[in-house]
Amino acid sequence: MKVYEEESLSLNTLRIAFFRLHNFPILTFKRIMGPHLIGISAPAVILAIIFIHIELLSIPFTFVFFAMIGAILVAGMHSIIEFFLTIKAIQPLLMELSKTAEKRFNESLSLEGKNVISIKRKFQLSFLYISVFPILLFGLATQVKLDILRSSVQSYWSWAALIILIGLAFAYFGSKLSFLDVHQPIIQLQNSMKNIQEGNLTTKTAEIYSDEFAGLVNGFNHMVDAINSRDKQNQLMFESFLESLSAALDARDPYTAGHSGRVAAYSFLIGDKFGLSGYELSLLKKSAILHDIGKIGIADKILQKDGKLSDEEFAEIKRHPVIGANIVLQVQGFTDMDAVIEGIMFHHERYDGRGYPKGLSGDTIPLFGRIIAVADAFDAMTSNRPYRRGMAFDKALTIIENGRGSQWDPEFASVFVELMREPANVQKVIS
């Protein structure tokens with residue numbers, strides 16, 4: 001509680017609290033075996049001996065000795081059970097401290113692989129009590145019962161069965177807690193590895209263990225950090241590669257220089273407004289930057305022609321989405337490239353089915369293709385060409401608006417027109 005009572009909570013305070021919490025199970029064990037056992041058993045034994053001596057209590061002295069051993073056995077089993085239960089109880093608190101450190105200080109709390117108590121020691125203590133407790137308890141109870149009822153065999157076996165059941169129940173419960181103590185971190189690590197396999201590198205596994213699993217979890221999280229770092233480097237290299245390809249295309253046709261970047265910016269605004277995730281927006285931006293990369297495969301005399309294209313020349317131009325898709329298809333080692341390729345391949349499809357290269361219509365046109373189609377058409381209309389000046393924004397927006405449901409997806413066309421009516425969004429693109 002002191003952690004949250006401090007007005008100015010420091011990272012060092014959180015780390016101290018994190019470490020102390022890990023020590024709670026050991027303190028629980030010591031508390032039961034120390035003050036509780038001695039504080040209750042010692043006075044009871046002393047009083048029992050005094051009462052027997054002054055004849056206020058009529059039992060053999062050996063019974064007191066048996067009771068002492070029984071108390072130690074019960075306290076030990078109680079300590080083992082409380083030990084494992086405390087491990088479970090502190091885990092939500094450890095996670096809460098970790099979240100607080102991450103939220104306030106952008107730091108992770110960790111034991112850095114150190115063991116507060118080893119798995120070996122936990123198993124030694126738990127299995128010792130789990131195996132010895134039922135036997136000794138049964139032996140003590142049998143001795144006491146035989147001293148009391150020496151002539152009744154039936155009564156003895158009834159008593160023996162009850163003691164055996166009690167011992168087995170304690171042993172089963174203790175072994176189950178011991179199993180769960182190992183099973184939970186294994187399942188947690190398996191789930192985390194499954195997330196890694198599925199490409200989810202954003203979350204690390206919680207460091208809430210005090211034994212060798214602390215080192216394993218810490219190592220796993222360092223591995224995730226390393227993968228994330230390398231993935232970011234690869235993404236930066238990949239984006240630089242895409243920008244280089246886009247720059248190569250712009251260098252071939254100076255009149256369309258900057259076109260790919262503006263289409264990417266317009267597409268990003270549409271996707272963001274539509275509610276795409278950050279990862280989807282990243283893929284959309286890549287696809288939009290490369291949407292015209294296939295024009296590298298078109299002859300200069302066609303690509304840079306000032307006048308109207310012939311039917312044969314236009315048929316050649318219409319090949320650039322397929323050429324571009326084939327170029328990017330050669331890129332290996334990056335996930336979800338299919339969505340990037342779809343945007344390149346289908347950004348000239350029309351919503352009414354009269355586009356190219358496949359003549360797709362409606363929602364059968366992939367998502368990125370429908371978004372980029374709007375952005376590409378708008379920038380093409382508003383950009384200067386050798387044979388004409390760029391169209392005014394308002395006029396181009398009117399054309400987009402009128403083409404909803406025929407040339408362009410009505411939802412994305414409406415979203416784009418709404419966005420472009422705000423000067424701040426236009427400024428984002430041209431700046």
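**Figure 1. Overview of the predicted chain.** Buried residues (under 20% relative accessible area, with exposed over 50% and partly exposed in between; 1.4 Å probe, protein chains only) make up 41% of the 431 residues in the chain. This is a predicted model: local features need pLDDT of at least 70, side-chain atom pairs count only at pLDDT 80 or more, and totals for chains, interfaces and linings use all residues. Residues are numbered from 1 along each chain as its sequence is written, and side-chain values use heavy atoms, without hydrogens and water. The chain has 16 helices and 0 strands; these are DSSP runs numbered from the N terminus (helices H or I, at least four residues; strands E, at least two). Its accessible surface (Shrake-Rupley, 1.4 Å probe; for residues, only the protein chains shown count as cover) comes to about 23,900 Å². Carbon and sulfur atoms hold 60% of that surface. Of the contacts (heavy atoms within 4.5 Å) between residues at least 6 apart in sequence, 69% join residues at least 24 apart.

**Figure 2. The largest nonpolar core.** A nonpolar core is a set of buried Ala, Val, Leu, Ile, Met, Phe, Trp, Tyr and Cys residues joined through side-chain atoms within 4.5 Å. The largest has 46 residues. Ile270, Val328, Phe378, Ile400, Phe416 and Met420 have the most contacts inside it. Elements giving two or more residues to this core include α6 (212–252), α7 and α11 (320–329). α13 gives the most, with 9 residues. Apart from this core lies another, of 30 residues, among them Leu9, Ala101, Leu111 and Val224.

**Figure 3. Surroundings of Val328.** Beyond its neighbours within four places in sequence, Val328 contacts Leu290, Ile293, Met337, Val340, Ile341 and Ile344.

**Figure 4. Helix α7.** This helix spans residues 259–274, 16 residues in total. From first C-alpha to last it reaches 22 Å, close to the 22 Å expected (1.5 Å times one less than its number of residues). Its buried residues are His259, Ser260, Val263, Ala264, Tyr266, Ser267, Leu269, Ile270 and Gly271. Gly275 follows α7, with a positive phi near 100°.

**Figure 5. Glu102 in helix α3.** Glu102 lies in α3 (residues 61–105). Its relative accessible area is 38%, so Glu102 is partly exposed. Outside four places in sequence, Glu102 contacts Glu107 and Ser108. The C-alpha atoms of Glu102 and Leu11 are 9.8 Å apart, across 91 residues of chain.

**Figure 6. Ile50 in helix α2.** Ile50 sits in α2 (residues 11–53). Ile50 counts as partly exposed because its relative accessibility is 40%.
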